[in-house]
Every structure is written in C-alpha cells, then in structure tokens.
Amino acid sequence: MMNEKTRTALVIGGCRGIGREITLRLAKDGFDVLPTCRKCSDETEKLAEEVRTLGRSCRILELDVRDRAGTRKVLDAEFADNAPDAVIYNSGIAKDNLFAFMDPEQWDDVLETNLRGFYNTVQPLVFGMLARHGGRIVVITSASGQTGQAGQVNYSASKAGLIGAVKALAREVGRKGVLVNAVAPGVIETDMTKDIPRDAVLPLIPLRRFGKAAEVAGAVSFLCGEDSTYIHGQVIAVNGGLVI
Ligand SMILES: NC(=O)c1ccc[n+]([C@@H]2O[C@H](COP(=O)([O-])OP(=O)(O)OC[C@H]3O[C@@H](n4cnc5c(N)ncnc54)[C@H](OP(=O)(O)O)[C@@H]3O)[C@@H](O)[C@H]2O)c1
C-alpha cells in the first residue's frame with residue numbers, strides 16, 4: 001500500500017507540455033514530485049518554484065531516455081533504496097511521414113524514445129516497487145496506438161507497443177499490489193500538435209475541440225489516487241470522442 005505521508009511521483013518527461021501538467025497535478029494531490037527533463041533551464045526552475053508554492057518538494061532530474069546507462073545511473077542514485085510510489089512514463093516524440101517515404105532515422109528515433117525509453121526508465125524501478133508491495137505505473141500512450149494513424153506508422157507502432165507492455169506488465173505485477181495502466185490522449189494542445197491543421201481535424205472530434213494538457217493530467221491523477229484501486233491493465237482514453 002502507498003504510504004500517504006511520503007508519496008513520491010517520478011514523472012519521466014515531466015517538465016513540458018502534458019508532463020508539466022501531470023507534475024503540477026500530482027503535486028496538488030500531495031505527491032512530492034521528481035519530474036525529468038533532458039536539460040534544466042529557467043523554465044524548469046519556474047516549474048520547481050510552482051510546485052514548492054503548492055507545499056510539495058520538487059527535484060528535477062536530468063536524463064535522456066535514449067541513454068540507457070546514463071538513465072540507470074540517475075535512477076539508481078535517486079531510488080536505489082526507495083522506489084517512487086508512482087512512476088509516469090510521459091516522454092515521447094513524433095516524426096511523421098508516410099511509410100513509403102519514412103527514413104530509418106524517423107523510424108529509429110521514435111521507437112527509441114517512445115518504446116525503448118520506457119524500458120530504460122521503468123524497468124529499473126519495478127523491482128523496488130514489487131519489494132515494497134505497492135505503487136502505480138501510468139504510461140502515456142496515444143489514440144494513434146489504439147487505432148493506427150496514417151502518416152504515423154512509427155509513432156502508432158511505438159504507442160501500440162506501450163499498450164502491449166502495460167497489459168503484460170499488469171499481469172506480472174498485480175498480485176504484488178503494483179497497479180499498471182495507460183492513458184491514451186487524442187489531440188491535446190501542446191508543442192507536439194501546434195502545426196496540426198485544425199479545420200481538418202476538428203470535425204473528427206465529437207467535442208469539436210482539442211484537449212488540454214490538464215485534462216490528461218486529471219486522468220493520471222485518478223490512476224494514481226485512491227479512487228482507482230481496482231483499475232488495472234486498462235487504457236483510459238482522453239480524446240473528446242475521437243476514438244469510441
Ligand atoms: N499532444 C498530443 O496531442 C498527444 C496525443 C497523444 C499522446 N501524446 C503523448 O503525450 C506525451 C507528451 O506529449 P506532449 O504533447 O506534451 O509533447 P511535448 O510538449 O513535445 O513534450 C514531449 C516530452 O517528451 C520528453 N522527451 C522527448 N524526448 C526525450 C528524450 N530523448 N529523453 C527524455 N525525455 C524526452 C520531453 O522532455 P524535454 O523537456 O527534455 O524536452 C517532453 O517532456 C508524449 O508521449 C506524446 O506522445 C501527446
């Protein structure tokens with residue numbers, strides 16, 4: 001069971017876009033937070049300050065999820081004796097192209113960050129969570145991983161891979177009290193979607209608007225909280241009806 005007094009949340013890719021909102025929301029929920037980014041900056045320091053004004057501690061970890069050895073070093077230094085109560089895997093990139101024209105870098109970069117990065121960051125923490133008999137793992141996947149999206153064969157493959165990983169891991173660790181779930185956003189207003197042609201996409205969304213990062217963070221908060229203690233191995237869609 002989670003220790004309510006000292007709950008900590010590691011948010012991989014927790015300083016920008018959706019991840020930043022997840023960090024803030026979990027801090028509001030009472031977690032001490034450890035968001036990661038590749039390079040600290042004035043912006044990340046601002047986030048840390050915001051968290052502190054909420055009365056929670058915030059330590060930003062620098063890591064690149066593609067760097068297995070470097071990531072392991074950072075995680076071991078922080079969590080060797082004390083696994084986090086919640087781990088959110090949010091890091092992700094898109095490099096879209098039609099498959100017929102997709103170059104090897106577009107394929108490799110997306111799979112390396114989105115899927116291999118999940119292994120590099122979450123696997124080293126699972127043993128500690130099992131040993132403590134409790135914890136939450138939430139993985140940010142995508143509607144593209146649920147349905148497939150033209151122009152995103154690489155991204156869809158990586159995000160569908162994460163859904164498979166979540167379901168399999170849930171079967172492995174559930175009996176030890178570690179709950180594993182995925183959140184699948186539709187189109188959310190962040191840097192990743194700033195060039196999406198709104199007029200073409202909005203008619204596909206029954207709610208007729210893009211989602212907000214805070215709306216994804218709300219689902220993550222639910223999955224890390226006390227109202228979701230029997231939800232396990234699931235994919236929670238946050239998509240305005242894009243995928244039904
Ligand atoms: N926006 C959407 O419509 C949408 C829809 C479905 C799913 N998603 C998923 O939601 C997640 C967040 O997306 P977003 O829209 O917030 O995008 P974003 O604003 O572009 O943020 C991307 C995040 O991924 C991190 N990241 C990228 N490459 C990394 C690497 N090599 N190592 C460590 N971290 C890395 C970034 O960290 P740095 O601070 O180091 O750059 C940042 O936190 C992604 O997994 C994305 O696939 C987004």
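A crossing of two helices is called left-handed if the near helix is turned anticlockwise from the far one by less than a right angle, and right-handed if clockwise. Helices (H or I, at least four residues) and strands (E, at least two) are DSSP runs, numbered from the N terminus. The structure is a predicted model, in which local features need pLDDT of at least 70 and side-chain atom pairs count only at pLDDT 80 or more, whereas totals for chains, interfaces and linings use all residues. Residues are numbered from 1 along each chain as its sequence is written.

**Exercise 1.** Determine how helix 1 and helix 2 cross, and list the residues that make the contact.

Solution. Begin with the axes, which are lines fitted to C-alpha atoms, for helices over the stretch in contact, with angles that run from 0 to 180 degrees between N-to-C directions. Those of helix 1 and helix 2 (residues 42–53) come within 9 Å and cross at roughly 20°. Angles under 35 degrees count as roughly parallel, over 145 as roughly antiparallel, 65 to 115 as roughly perpendicular and the rest as oblique. Helix 1 and helix 2 are therefore roughly parallel to each other, and helix 1 passes helix 2 in a right-handed crossing. On the side of helix 1 the contact (C-beta atoms, placed from the backbone, within 7 Å) uses R20, T23, L24 and A27, and on the side of helix 2 it uses L47, E50 and V51. Sorted by class, this contact has 4 nonpolar, 1 polar and 2 charged residues, where Ala, Val, Leu, Ile, Met, Phe, Trp, Tyr, Cys and Pro count as nonpolar, Asp, Glu, Lys and Arg as charged, and the others, Gly among them, as polar.

**Exercise 2.** Carry out the analysis for helix 1 and helix 8.

Solution. The axes of helix 1 and helix 8 (residues 213–223) come within 8 Å and cross at roughly 50°, which makes helix 1 oblique to helix 8. The crossing of this pair is right-handed. From helix 1, G17, I18, E21, I22, R25 and L26 meet A213, A214, V216, A217, G218, V220 and S221 of helix 8. The contact of helix 1 with helix 8 comprises 8 nonpolar, 3 polar and 2 charged residues.

**Exercise 3.** Describe the residues that surround the ligand.

Solution. The shell holds 25 residues, of which G13, G17, R38, G92 and T190 are the closest; a residue is near a molecule if its C-beta atom, placed from the backbone, lies within 6 Å of it. By class, the shell divides into 10 nonpolar, 10 polar and 5 charged residues. Its largest share, 3 residues, comes from helix 1 (residues 17–28).

**Exercise 4.** Give the strand order of the sheet and identify its edges.

Solution. The sheet is open, with 7 strands in the order 3-2-1-4-5-6-7 and parallel pairing. Strand 3 (61–62) and strand 7 (235–238) stand at the edges with a single partner strand each, so one side of each is left without a neighbour in the sheet. Two strands pair if DSSP finds at least two bridges between them, and 2 bridges join strand 2 (residues 32–37) to strand 3. In strand 3, L61 is the bridge partner of T36.

Notes: Two residues are in contact if their C-beta atoms, placed from the backbone, lie within 7 Å.
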